[in-house]
Amino acid sequence: MADATRQSTETVRQAPRHVRVILAGYGTVGRAFHTILAKNKATIEAKHGVSVDVVAVCRSQGAWVTESGMEPRPLALDERRDMSVSDVLREVEADVLVELTPTDLETGGAALENIRTAIDKGLHVVTANKGPVVLDLPGLKERAAKNGVELRFEATAGAAIPIMSLADFCLRGNPVTRIEGVLNGTCNYILTRMGEEGLGFDEALFEAQSLGYAEADPAADVDGWDAAAKVVILANHVLGRPLSLKDVQVTGIRAVTGEAVQLARKQGYALRLVGAVGLEGPATVAPRLVPLASPLNVQGTLNVMRLHTAYAGPIALSGHGAGGTETASAVLADLLALPW
Amino acid sequence: MVDAGAPMKMELDVELRDVPGQLSFVLDRVTEHGGNIESVVHHRQDARGEWVPVRIVFEVAPMRAHRLVEALKERVRVLSASGEKKGHPMAFLLVGHVFDSHIDDYLEGLYESGCRVHRVQAEVTGKSAPSAVFIDITGDDDAAVGRAVETLERLSSERGILLVRGLPEVA
């Protein structure tokens, strides 16, 4: 088997395969990814037989290109080149585009076109950007297959939680019939605090914003659209059900009151924003009553996903659904899972 | 002898006067009605004056349960008596100005769906503030629960109330 051969000691003893990365987006996740990559370079070479170099970093202000490989460091303005991601894709030789620009669920932003260009050029693509995956997963997969490359996007649903790998690899031959989960850490933090401290929604939101868990404009999180995007991704990839955002019935948590959370708690339930989708029936994101002892009752900013499987019953995984290094861990795992 | 049906588990919360003979009165009535006692727990920490809350768990034939409870009421305070829920459970939470419109409509809708309503608990903070109402039901099958969900969805949506549903839990 090809996997086994790649990972055999004999293969690893050969010179490592040189992998050149174009990194688009250099925010919290991009910098964390670059740092983890540099810090573990020797281990990655020894264990996975690849020597990974970042040959270009693209930001909105321009690009930094060093074909011999860049160290993670502050990007000096005088080294900046006036190039867009598509310029870099055209001019810089690379093996993979790591796309970590901010999510745009309406149009996919420039990321969608850049991913298409990279695939057409024969580059593998790893992304944490939900926009392109939500808007055109079937199209992107087809394009990748046609060009003999892979598109991986583990970090787009549940960030650090290896849900795609679980479904694709560990559960081979065991169809997933339904998925439900707490898919947004911001909402979960707010609801946890409303339950623990009896805070009202506005107070809990303010606290989440002060701690950096919620954006100044929290709409995408508290109105349920971020969770809905993840439902769409999981439905398409894990269940093979071609849903788009408009197919998801979405209710956010703005109308939830502290009294409601407290009352539910007294009756043995936690209130959680749950995304749920099965092979048929409606796909939903809504506040739900979850028994206090349920694995879905995760605390704080944690996420959890439960897969109902045909033969193994339910399997739940919880972990961090956001954060720089947490998200970067999934991006790196995707990069190393590519067929080098 | 009349077939009284397969035994069901009952949880009985009573308040007993803290004097000799009270507990044996209760236990004798349970036994007389064919009940099989599983546990008796005194909650002395919650005593109110000479009244001590006691929870008694036993199995009894459903047809005898009602008469048993009536018999107990002669001498002790019965706080609650609940049979073990069978069938498909579901919990709901209504959030908003639930009491501005007829709350009985929700309960009527639930009864019409064929479900049994076990608990209705409300949290009301003031006339202008939104309230929260918790409802716990069981239906004989998924179809009955489905009808209950549909009814509550329709009523709550018409009235601008947030309906929070339970999630079917997996063992």
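This is a predicted model: local features need pLDDT of at least 70, side-chain atom pairs count only at pLDDT 80 or more; totals for chains, interfaces and linings use all residues.
1. Ground rules. Local features need pLDDT of at least 70 and side-chain atom pairs count only at pLDDT 80 or more, while totals for chains, interfaces and linings use all residues; side-chain values use heavy atoms, without hydrogens or water. Residues are numbered from 1 along each chain as its sequence is written, and chains are lettered from A in the order in which they are written.

2. Helix pair. In chain A, the axes of helix 3 (residues 28-39) and helix 14 (residues 324-337) come within 8 Å and cross at roughly 60 degrees. Helices here are DSSP runs (H or I, at least four residues), numbered from the N terminus; axes are lines fitted to C-alpha atoms over the stretch in contact, with angles from 0 to 180 degrees between N-to-C directions.

3. Who meets whom. Helix 3 of chain A brings residues including Phe33(A) and Ile36(A) to helix 14 of chain A, whose partners include Val331(A) and Leu335(A) (contact means heavy atoms within 4.5 Å). By class, this contact has 9 nonpolar, 4 polar and no charged residues (Ala, Val, Leu, Ile, Met, Phe, Trp, Tyr, Cys and Pro are nonpolar, Asp, Glu, Lys and Arg charged, the others, Gly among them, polar).

4. Chain contact. Chain A gives 25 residues and chain B 21 residues. About 1,900 Å² is buried between them, 68% of it from carbon and sulfur atoms (accessible area, 1.4 Å probe, lost on being put together, summed over both parts).

5. Chain B. Its domain assignment, automatic or from a database, gives domain 1 (8-85) and domain 2 (88-164). Their centres, taken over C-alpha atoms, are 30 Å apart.

Key
Helices (H or I, at least four residues) and strands (E, at least two) are DSSP runs, numbered from the N terminus. Buried area is the accessible area (1.4 Å probe) that two parts lose on being put together, summed over both.
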